[in-house]
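Hi,

Here is the structure I promised to pass on.

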Amino acid sequence: MNCKWIIAFFFLGFAWFVFQIIQLFDLAKELKIHSIEKCQKISIENPTEDLITYKNLVIGVASDIPTLFFKHHTASLATPGFLFAFDPAKNFYYRIKTHNFNTEYAFNPNGITIFNDKLYVLSHSFAKGGERIFVFALTMTTEIEADFVKSIEIDQNHGFYNSLTFVDEEHFFITQWSPFADMPEGRDFSFNSEIKRIWAIFSPCGTVKKCKVDGEKANCLEIMKGYVPNGIEIIGNNVFIADSVDKKVKVYEMNENLDLEFKDEVKLHYSPDNLRAYNGEIYTTGIFKSFDFISITEAFKSNSPLPLVPGTAGRIFFNGTKWVTQDLLTEDILSFPTGCTVANNIFILTGIVESNLLVCSLENLLIVNSIFKNMKKSDLK
């Protein structure tokens, strides 16, 4: 009898584990493309992980993402990154002229934010600077230009962080997407490192930190944990934090001491990455199936043809008493989307695989999805 119960519990446990894997990696999800008929694909020079709006233009940061994050110990071989601008009204792209940058450090940009006409760029500088924030003063004449102001050292946890947002010029929040730092030489794909990364998926050991700038160094304090804390954004006293594995955007209220109190959460059906605020709402994008992160990583490592990784984008808005979400699009034309922004009512997406932007009319997306929502309600009656 005991043996039968042990066997039964074993099979139940195994079935539960298989179910969790299917849920976690979205293995059973059906892809339904929608709302991309009027979107336009625009060529740029390099893939970029993040975008932000500045004076109805878009600023992006380009870096050699495959060399930095998908190959073993090759950070020193990465092509230097750069800033670029995109005018969505004219579909006009150009590199931003950058003045007086300190070439002592490697410029491998990732997350970006703007505060008081200063651009703050998180850089994975590895052996040439560690994890740093580069600060640029922005000016605008006929084109955007950027003057290097200073760098802020975070620490030597190479490749550790993803997104940041500044409360003022001395205080910011930053998300740690991975609990295991890379080596100074770059991403480590040794067996032990891979086991650690797999284990981290099932354990909330990523963190969010609040930091204070002290000259050219940041003093940071861990304030919460998550599975893969990723995008972070502020609207008023509300702080929004995306978790790519948990598939949620959590909403916190920030007090005068910059402590965060949980208020609400929005469950998504995709893996959210970066967040952007626009007109009191949050916009985000991410990959449709979590498993695609593994498949594309393996393709990069083995120099195989890259699979196309579909993505989803949505808006998060306050509806009465709760923050809720609305899908804007699901697409299969821009592979592995990671960032988005809205400029002059135009929705722009970027991704880490293609040297392209996806440009859509926000008004058209909202109209199409409103019609689609009403149609579904009608079908239920």
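Some ground rules before the details. This is a predicted model, where local features need pLDDT of at least 70 and side-chain atom pairs count only at pLDDT 80 or more, while totals for chains, interfaces and linings use all residues. Residues are numbered from 1 along each chain as its sequence is written, and side-chain values use heavy atoms, with hydrogens and water left out.

Cysteines first. Taking a disulfide as a pair of cysteine sulfur atoms within 2.5 Å, the count comes to 2. One of them links Cys39 and Cys360, with the sulfur atoms 2.1 Å apart. Cys39 sits in the loop between α1 (2-24) and β1 (40-43) and Cys360 in strand β25 (residues 356-361), so this pair ties together parts that are 321 residues apart in sequence. (Helices are DSSP runs of H or I with at least four residues, strands are runs of E with at least two, and both are numbered from the N terminus.) The angle about the S-S bond is 115°, which makes the link right-handed. Both Cys39 and Cys360 are buried; buried means under 20% relative accessible area, exposed over 50%, and partly exposed in between, with a 1.4 Å probe and protein chains only.

The other bond joins Cys211 to Cys220, also at 2.1 Å from S to S, and this link is right-handed too, with 110° about the S-S bond. Cys211 is buried at 3% relative accessible area, whereas Cys220 is partly exposed at 30%. Counting bonded cysteines along the chain, the pattern is 1-4, 2-3.

What about Cys340, and how far is its sulfur from the closest cysteine sulfur? That distance is 11 Å, to Cys360, too far for a bond. Cys340 is buried, at 1% relative accessibility. For Cys205, the closest cysteine sulfur is in Cys220 at 18 Å, again too far.

Next, helix α3 (residues 191-201). Ser193, Arg197 and Ala200 are buried there.

Last, the open sheet: 4 strands in the order β15-β16-β17-β18, with antiparallel pairing. Strands pair if DSSP finds at least two bridges between them. β15 (229-235) and β18 (260-267) are at the edges with a single partner strand each, so one side of each has no neighbour in the sheet. Further in, β16 (residues 238-243) and β17 (residues 248-254) pair over 6 bridges, with Asn238 opposite Glu253.

Cheers
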